[in-house]
Amino acid sequence: MTSGISRRARVLAAAVGTGVLVPLVATATPASAAAPAVTCTSAKAGLAAKLKKDITAALATRKGTVAVGLYDRSTNTTCTLRASSAYDSASVVKVTVLATLLWDAKKSGRYLTDRENTLAKAMITKSDNAATTTLWKQLGMTKIKNFLAAAGMTQTKPGANGYWGLTQITVTDEQKLLKLLTAKNAVLSDNSRAYIIKLMGQVVSSQRWGTPYGVPSGVTVAVKNGWLQRSTNGWRVHSVGAFKGGGHDYVMTVLSHGNSTMNYGITTIQAVAKVIHKDLAAS
């Protein structure tokens with residue numbers, strides 16, 4: 001695509017050759033080409049502006065397409081970037097799978113079986129794909145869609161033909177799910193919420209990158225990450241997390257694709273997470 005300046009230069013050159021007088025009007029870049037901006041609101045004076053500035057700066061030199069969500073109950077702070085953009089879920093959807101399993105069990109008035117507990121633990125703490133496929137098939141599309149409806153996750157589209165990793169997710173819906181996990185609600189029982197947060201707090205060390213990066217000491221961490229390479233849009237690298245302590249109670253989602261490598265995506269996510277933890281800790 002040629003720039004507005006070079007197009008204008010060609011038009012001027014052609015006009016000079018034909019003897020037509022062309023006014024010298026500078027062409028502006030269309031507004032649609034501008035990247036979406038980070039938006040933040042907060043009940044805490046100065047915090048929204050600080051977060052907006054720092055998240056924007058953290059992403060300024062990063063390639064790829066990044067979506068961000070932050071919500072802190074303690075200061076009623078919300079930040080979003082590309083909140084409704086759809087991404088292939090990769091393993092982040094495993095939290096939704098477990099939530100659906102627990103929601104369905106509660107409706108049936110039963111506890112999880114030993115087998116289900118074993119599968120759930122492997123799925124969340126080690127990101128075990130085989131365990132996820134087993135639970136996805138057991139639940140079936142109807143129950144998964146019914147849970148999404150109950151949770152108000154209207155932007156999430158389950159992957160077809162068993163491809164759970166191609167479920168379409170958005171920051172808006174992931175933040176809705178994280179909020180359900182971290183506060184009393186009518187969708188998930190207190191025991192179910194505690195169980196999911198407990199497993200997300202036991203993720204193996206090699207998979208605890210992303211949103212927990214830079215978390216202050218004394219703040220509890222619950223995390224689930226996802227990563228997937230495809231022929232289009234390169235690497236999808238995502239991280240969702242819930243954090244509590246230091247006077248704050250917050251949830252964070254960072255989704256990305258168009259990353260050249262998995263590590264590149266991790267670095268991008270961690271740059272965002274680091275400034276969020278720092279700004280909240282200082283508020």
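Is Thr182 buried or exposed? What we have here is a predicted model, where local features need pLDDT of at least 70 and side-chain atom pairs count only at pLDDT 80 or more, while totals for chains, interfaces and linings use all residues. Residues are numbered from 1 along each chain as its sequence is written, and side-chain values use heavy atoms, with hydrogens and water left out.

Okay, back to Thr182. Thr182 is buried, at a relative accessible area of 19%; buried means under 20%, exposed over 50%, partly exposed in between, with a 1.4 Å probe and protein chains only. You'll find Thr182 in the loop between helix 6 (171-181) and helix 7 (190-200). A quick word on naming: helices (H or I, at least four residues) and strands (E, at least two) are DSSP runs, numbered from the N terminus. A polar atom of the Thr182 side chain lies 2.8 Å from the backbone oxygen of Leu178. Not counting residues up to four places away in sequence, Thr182 touches Arg73, Arg193, Ile197, Ala242, Asp249 and Val251, where contact means heavy atoms within 4.5 Å.

Now, the strands. Strand 1 and strand 3 run antiparallel and are joined by three bridges; for two strands to pair, DSSP has to find at least two bridges between them. Strand 2 (residues 65-72) also runs antiparallel to strand 3, with five bridges, and there Val68 has Leu81 as its bridge partner. The hairpin of strand 2 and strand 3 has four residues between the strands, and in it Asn76 takes a positive phi near 50 degrees. As for the faces of strand 3, Thr77, Cys79 and Leu81 are on the covered one, and Thr78 and Thr80 on the uncovered one.

So what joins Cys40 to Cys79? A disulfide, with S to S at 2.1 Å; the cut-off is a pair of cysteine sulfur atoms within 2.5 Å. Cys40 lies in strand 1 (residues 39-41) and Cys79 in strand 3 (residues 77-81), so the pair ties together parts 39 residues apart in sequence. The torsion about the S-S bond is about 115 degrees, so this disulfide is right-handed. Cys40 is buried at 16% relative accessibility, and Cys79 is buried at 1%.

Last stop, Val93, which sits in helix 3 (residues 93-107). Val93 counts as buried at 2% relative accessibility. Leaving aside neighbours within four places in sequence, Val93 is in contact with Trp136, Trp164 and Thr167. The C-alpha atoms of Val93 and Ile169 are separated by 8.1 Å, with the two residues 76 apart along the chain.

Methods
A polar contact is a pair of N or O atoms within 3.5 Å; within protein, one must be able to donate a hydrogen and the other to accept it, and residues adjacent in sequence count only if both atoms are side-chain atoms.
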